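The sequence and the structure are shown first.

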Amino acid sequence: MTAAVVGLSHSPLIGKNDPAPDVVAAVDAAVDEARAFVRAFDPELVVLYAPDHYNGFFYKEMPPFCLATEAHAVGDFGSSAGPLSVDAKAAQALARGVLDRGVDLTVSARMTVDHGFTQPLEVLFDGIANVPVVPVFVNGVATPLGPVSRIRALGTAVGEAAAELDRRVLFVASGGLSHDPPVPVLEGAPPRVADALIEGHPPTPEQRARGEERVIQAGRDYAAGSTRMIPLSPEWDNLVLDTLADRGRLPEVDSWTVDWMAAEGGGSAHEVRTWVAAFASLAATGAYRMTSRFYTPVPEWIAGFAVATAQQEAG
């Protein structure tokens, strides 16, 4: 087996509330480097770790993580809608392998995904159906959240199971880093909002458009400094990247508490769990090195924006 990782922040505000042209150009250059890395690696299978934003998973049943044997995208914020090219046979093999390793994995035979999944597929592969993929949802929003050690255990089990496939496998992490967008919270929510968070009633096109416009306006307010949202944290973001870059330091994530992550990086900093899972998967296949690393805080996107690649060490 040959393995590699791409970690990529996402934001629904890209193209809708952009920063200065030089910042966009720097991000584009980092993304182009990641795309070249992917082309050179030429993956036979992508295992995509991504969160959800109350488009596919709701409080009626909220697993800490879930692997899909089939998946469809809702097309929020102008992202692609329709089926992903899920490799069902590989997905089933990974699910069995993870369960055999003692990790209580939930499996979905019809997962609904949103921009958290589709954006990296569009960016890296020019579409959501152009590469065989196994989608793995990692909850980074809905409380209560479990310990990060269980996310590392998930990634490790997936990596060990993927090694048995004897294929070129690219683990992709989508989300983060520091990140405090206006995500609804169940506790104290008005009855109508609470019902939507629990039951997952599909919004009408008009409701979805209004909700998306609120997020876009929040990005404008955040960039202008007129907001109560937690500021982006380059120091914390680079601590995260430093930890992931060193296989020997990866177990340190087990001590990261839920409250500490939210206080340092914002309520949605838990999307970093996707990065932990992806790098744990790579670490399970042997020594690795981070081959590229880009970071910049982008208030307009409400994200500490990072792009990183890593691959196995030779020998």
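## The largest pocket

Helices α5 (191-199) and α6 (205-224) each contribute at least two residues to the lining of the largest pocket; helices (H or I, at least four residues) and strands (E, at least two) are DSSP runs, numbered from the N terminus. The greatest contribution comes from α6, with eight residues. The volume of the largest pocket is about 1,200 Å³. Its lining comprises 33 residues, of which His 53, Tyr 54, Pro 184, Gly 211 and Arg 214 are the closest to the centre. By class, 16 lining residues are nonpolar, 10 are polar and seven are charged. Ala, Val, Leu, Ile, Met, Phe, Trp, Tyr, Cys and Pro count here as nonpolar, Asp, Glu, Lys and Arg as charged, and the others, Gly among them, as polar.

The model is predicted: local features need pLDDT of at least 70 and side-chain atom pairs count only at pLDDT 80 or more, while totals for chains, interfaces and linings use all residues. Residues are numbered from 1 along each chain as its sequence is written, and side-chain values use heavy atoms, with hydrogens and water left out.

## The largest cavity

One cavity of 30 Å³ or more is counted. On a 1 Å grid over the protein atoms alone, a cavity is a set of points where a 1.4 Å probe fits but cannot get out, whereas a pocket is an open set with protein on both sides within 12 Å along at least five of seven lines; lining residues have an atom within 4 Å of a point. Grid points are joined across faces, edges and corners, and a volume is the space filled by probe spheres set on the points.

The largest cavity holds about 30 Å³ of space. Asp 52, Tyr 54, Phe 57, Met 62, Phe 137, Asn 139, Val 141 and Ala 142 form its lining. Six of these lining residues are nonpolar, one is polar and one is charged.

## The eight-stranded sheet

Eight strands form an open sheet of mixed pairing in the order β6-β3-β8-β2-β9-β1-β11-β10; two strands pair if DSSP finds at least two bridges between them. At the edges are β6 (106-108) and β10 (288-298), each of which pairs on one side only. Neighbouring strands of this sheet are turned by 20 degrees against each other on average, direction ignored. Axes are lines fitted to C-alpha atoms, for helices over the stretch in contact, and angles run from 0 to 180 degrees between N-to-C directions.

Strand β1 (residues 2-8) has six of its seven residues buried, that is, under 20% relative accessible area, with exposed meaning over 50% and partly exposed in between (1.4 Å probe, protein chains only). Strand β1 runs parallel to β9 (residues 168-174), to which seven bridges join it, and Val 5 has Phe 171 as its bridge partner in β9. With β11 (residues 303-312), β1 pairs in the antiparallel sense over five bridges; here Ala 4 stands opposite Gln 311.

Elsewhere in the sheet, three bridges link β3 (residues 65-68) and β8 (residues 133-138) in the antiparallel sense, and Cys 66 lies opposite Phe 137. Helix α2 (residues 88-100) packs on the sheet in contact with β2 (45-50), β3, β6 and β8, and its direction makes about 145 degrees with that of β3. Contact means heavy atoms within 4.5 Å. Helix α9 (residues 272-283) also packs on the sheet, touching β1, β2, β8, β9, β10 and β11, at about 160 degrees to the direction of β9.

Strand β4 (residues 71-74) runs parallel to β7 and is joined to it by three bridges, with Ala 73 opposite Val 113.

Helix α3 (residues 115-125) is largely enclosed by the rest of the structure, because nine of its 11 residues are buried. Among the buried residues are His 115, Phe 117, Leu 121 and Phe 125. Just after α3, Asp 126 takes a positive phi of about 60 degrees.

## Backbone exceptions

Most residues other than glycine have a negative phi, and most peptide bonds are trans. A cis peptide bond joins Thr 143 to Pro 144, with omega about 0 degrees; Pro 144 is placed in the loop between β8 and α4 (148-163). The bond from Gly 176 to Leu 177 is likewise cis, with omega near 10 degrees, and Leu 177 belongs to the loop between β9 and α5.

Asp 166, in the loop between α4 and β9, has a positive phi of about 55 degrees and is exposed, with a relative accessible area of 58%. Ile 302, in the loop between β10 and β11, has a positive phi of about 50 degrees but is buried, with a relative accessible area of 1%.
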